Amino acid sequence: MTPVSKGFLAAVSAFAIWGVFPLYFHPLRQVLATEVIAHRIVWSCLFVLAWIGIRGELPALRTTLADRSVVWRLAVSATLISLNWLTYVWGVTHGHVVETSLGYFIGPLVNVLLGVVLLSERLSPAQWAAVALAVAGVGYLTVTTGSLPWIALTLAFSFATYGLIRKIVKVESLPGLATETLLLVPFAAAYLLWCESAGTGALGHAGPAVDALLIGSGPLTAIALFLFAYGTRLLPYSTVGVLQYITPTLQFLCGVFALHEPFERTRAVGFGIIWAALLIYAGEGLRLSREQRAVS
């Protein structure tokens, strides 16, 4: 396989794993979302540390931990990804899978806004139109449903900001992920110990299937993140931008057809407006990518 083919396969696999996460976490609806996230952090940390040891990257991890400025930035990114995971798991286990998919549909447009506000990037007229249309779609959903789609907005902004921080922090994917989980694991482990002492802990008390899902959430998280990082290094950015819609599309299909969440006409109109914005955004991204290749 060529490097591009390997990158394509890795990226598609990562987005597909994230896309079917609702089916993975839905059986854990009897477990508190905070406990699920605590297990996800602990088992991710153990898995990533073992993986780094096997790959011989412990010196890179020590170098990362020795750089105080990098550690502080990764502490912020770790907080953001924890918020993202908690919101996502709560949404999935409380019957809001369709809204979680909306968050990842509008996420790329939030990336665009952050680039304008924080990185002084310029947008083309078509990109501005896509952003305005997405804002109109969110506004429509807010007015017609009577409440702000806070799950979707929290997911979109937390993940977009997390991605921005990881973009500007000069650290490889595995040492960075290991550092983030190491910063979080004392709090997660303490919380799990408290749950156990209070008699509310799920591990070892809710059946072998729940135990396997809780433990497996860590390695699955780390593998998906590694595949994503590997794929993005080998593929053009525009290709990754199009492939990323695999995740919310699969999440949406899981919510509507597998978990039978309602998708009434009002919500369909709002989603349609946002999907139109994404088509404009993706098409403009491909056009700009072709122009850059032609110039180079």
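Which helix holds Leu141? Leu141 is found in helix H7 (residues 125-145), where helices (H or I, at least four residues) and strands (E, at least two) are DSSP runs numbered from the N terminus. The structure is a predicted model, in which local features need pLDDT of at least 70 and side-chain atom pairs count only at pLDDT 80 or more, while totals for chains, interfaces and linings use all residues. Residues are numbered from 1 along each chain as its sequence is written, and side-chain values use heavy atoms, with hydrogens and water left out.

The secondary structure comprises 13 helices and 0 strands. In sequence order, the pattern is α-α-α-α-α-α-α-α-α-α-α-α-α. The radius of gyration, taken over C-alpha atoms, is 20 Å. Along the principal axes, the C-alpha atoms fill a box of roughly 55 × 45 × 40 Å.

Of the 296 residues, 47% count as buried; buried means under 20% relative accessible area, exposed over 50%, and partly exposed in between (1.4 Å probe, protein chains only). The protein exposes about 14,400 Å², of which carbon and sulfur atoms supply 69%. Accessible areas come from the Shrake-Rupley method with a 1.4 Å probe, and for residues only the protein chains shown count as cover. Contact means heavy atoms within 4.5 Å. Among contacts between residues at least 6 apart in sequence, 85% join residues at least 24 apart.

Leu141 counts as buried because its relative accessibility is 5%. Not counting residues up to four places away in sequence, Leu141 touches Leu102, Gly146, Ser147, Thr266, Arg267, Gly270 and Ile274. Leu141 and Ser197 lie 56 residues apart in sequence, and their C-alpha atoms are 43 Å apart in space. Thr221, in helix H10 (residues 208-234), is also buried, with a relative accessible area of 3%. With residues up to four places away in sequence left out, Thr221 touches Arg40, Ser44 and Trp85.

A search of the whole structure finds 2 salt bridges, a salt bridge being a side-chain nitrogen of Lys or Arg within 4 Å of a carboxyl oxygen of Asp or Glu. One joins the side chains of Glu57 and Arg55, at 2.9 Å from N to O. Glu57 is buried at a relative accessible area of 18%, whereas Arg55 is partly exposed at 41%. Glu180 forms a salt bridge with Arg166, the closest N and O atoms being 3.3 Å apart. This pair links distant parts of the chain, with Glu180 in helix H9 (residues 173-198) and Arg166 in helix H8 (residues 150-168), 14 residues apart. Both Glu180 and Arg166 are buried.

The search for disulfides (pairs of cysteine sulfur atoms within 2.5 Å) finds 0 in the whole structure. Cys45 is in no disulfide, and the nearest cysteine sulfur, that of Cys195, is 18 Å away. Seen from Cys195, the closest cysteine sulfur is that of Cys45, and the 18 Å separation is too far for a bond. Cys45 is buried, with a relative accessible area of 4%, and Cys195 is buried at 0%.

Helix H12 (residues 246-258) has as its buried residues Thr247, Pro248, Gln251, Phe252, Cys254, Gly255 and Val256. Just after H12, His260 takes a positive phi of about 55°. Most residues other than glycine have a negative phi. His260 lies in the loop between H12 and helix H13 (265-295) and counts as exposed, at 63% relative accessibility.

On the surface, Val117, Leu118 and Leu119 form a nonpolar patch with about 290 Å² of accessible area together. Patches are made of residues with over 30% relative accessible area and no salt bridge, like charges being joined within 9 Å and nonpolar side chains (Val, Leu, Ile, Met, Phe, Trp, Tyr) within 5 Å. Leu119 is found in helix H6 (residues 97-119) and is partly exposed, with a relative accessible area of 38%.

Note on methods: The radius of gyration is taken over C-alpha atoms; the globule rule is 2.2 Å times the number of residues to the power 0.38.
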